[in-house]
Amino acid sequence: MKLSVFQSADLAANYVCELLVDRIKVFPSSVLGLATGGTTVPLYNALVKSFREGEVSFAQATTFNLDEYIGLPEGHVQSYRCFMNTHLFNIVDIKQCRIHFPDVTAENLSEAGLAYDRLIEDAGSIDFQLLGIGRNGHIGFNEPDASFDAASGIRELSETTRADNQRFFTAGESVPSHALSMSIDQILKARKIVLMATGFRKADALARLFSSQYKLESFPASALIDHHNVEIVCDSEAAINLDLAGHEVVCC
Ligand code: GLP
């Protein structure tokens, strides 16, 4: 795994923005796997800036978001669709028909997960997958102890994740208990994976990922160790516990 450590979360985000913009410039019809969460906000701000400055166009890009909460009313401000609309999709020139989320309105949610996998495969799989990481090592909403071989589908959120994400919801409103998530198996089919981690809160999870020698379903991000093209991009706070010996590291 390649590691790039930056002095601040904004610098880390600017770097991931450059990676994405460079990719889209060379391959305008790229298939992008997108993530949500606080970590990604500075990245989407940087992408919007690049778009406004005429550096990049999303007109031919296709996107697949990692996950969506089950049970929120349509248009709920904390739905991941709403997050993406606010931070990126409503601002840039992406075509609505090329934006994809797991369909949490479907009658049969398990079938909707399988349909999402088929859609991704029909699009030729993901070229560039962006990931965040949960404090418990979740990627997407694939929580500890979910099978690495499971198809995309319904996931039960852990108590840690629900507590962490409560900060985005208003008092008295609870985080949904379930989500539809892209599977680990599907994430691993991406040609390039960039995992972002910023802030002291992520230091333990990042250190555990970085020192993982075996894939353990109890720590979902460890599935990434077998992928040939993973880059971790973090700030110095998230990197504080890393043992960098023997790794390719870029520090900026
Ligand atoms: C959610 C998302 C994950 C994301 C994680 C980290 O649980 N499902 O895809 O990686 O949050 O969020 P944050 O960046 O807010 O710490």
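# Sheets and helix packing

Student: In what order do the strands of the 8-stranded open sheet stand?

Tutor: The order is β5-β3-β2-β6-β9-β10-β1-β11, and the pairing is parallel.

Student: Why does one side of β5 and of β11 lack a neighbour?

Tutor: β5 (99-100) and β11 (249-251) each have a single partner strand, so they stand at the edges of the sheet. The model is predicted: local features need pLDDT of at least 70, side-chain atom pairs count only at pLDDT 80 or more, and totals for chains, interfaces and linings use all residues. Residues are numbered from 1 along each chain as its sequence is written, and side-chain values use heavy atoms, leaving out hydrogens and water.

Student: How do you know that β1 and β10 pair?

Tutor: Strands pair if DSSP finds at least two bridges between them. β1 (residues 2-6) and β10 (residues 230-235) have 5 bridges, in the parallel sense. They are therefore a pair. Val5 stands opposite Cys234 in β10.

Student: Which strands does α1 touch as it packs on the sheet?

Tutor: α1 touches β1, β2 (31-34), β6 (128-131), β9 (192-197) and β10. Its direction makes about 150° with that of β10.

Student: Which residues of α1 meet α2?

Tutor: Asp10, Ala13, Asn14, Val16, Cys17, Leu20 and Val21 in α1 meet Pro42, Leu43, Ala46, Leu47 and Ser50 in α2. Contact means heavy atoms within 4.5 Å.

Student: Which residues of α2 meet α3?

Tutor: Val41, Tyr44, Leu47 and Val48 in α2 meet Phe83, Met84, His87 and Leu88 in α3. By class, that contact has 7 nonpolar, 1 polar and no charged residues.

Student: What is the strand order in the 3-stranded open sheet?

Tutor: The order is β4-β8-β7, with antiparallel pairing. β4 (67-69) and β7 (153-156) stand at the edges, each with a single partner strand. Neighbouring strands are turned by 30° against each other on average, direction ignored.

Student: How many bridges join β7 to β8?

Tutor: β7 and β8 (residues 178-181) run antiparallel and share 4 bridges. In β8, the partner of Glu156 is His178.

Student: How do you know that the radius of gyration agrees with a compact globule?

Tutor: The globule rule is 2.2 Å times the number of residues to the power 0.38, with the radius taken over C-alpha atoms. For 252 residues a compact globule would be near 18 Å; the protein chain has 17 Å, so the values agree. Its C-alpha atoms fill a box of roughly 50 × 45 × 40 Å along the principal axes.

Definitions and conventions
Helices (H or I, at least four residues) and strands (E, at least two) are DSSP runs, numbered from the N terminus. Axes are lines fitted to C-alpha atoms, for helices over the stretch in contact, and angles run from 0 to 180 degrees between N-to-C directions. Ala, Val, Leu, Ile, Met, Phe, Trp, Tyr, Cys and Pro count as nonpolar, Asp, Glu, Lys and Arg as charged, and the others, Gly among them, as polar.
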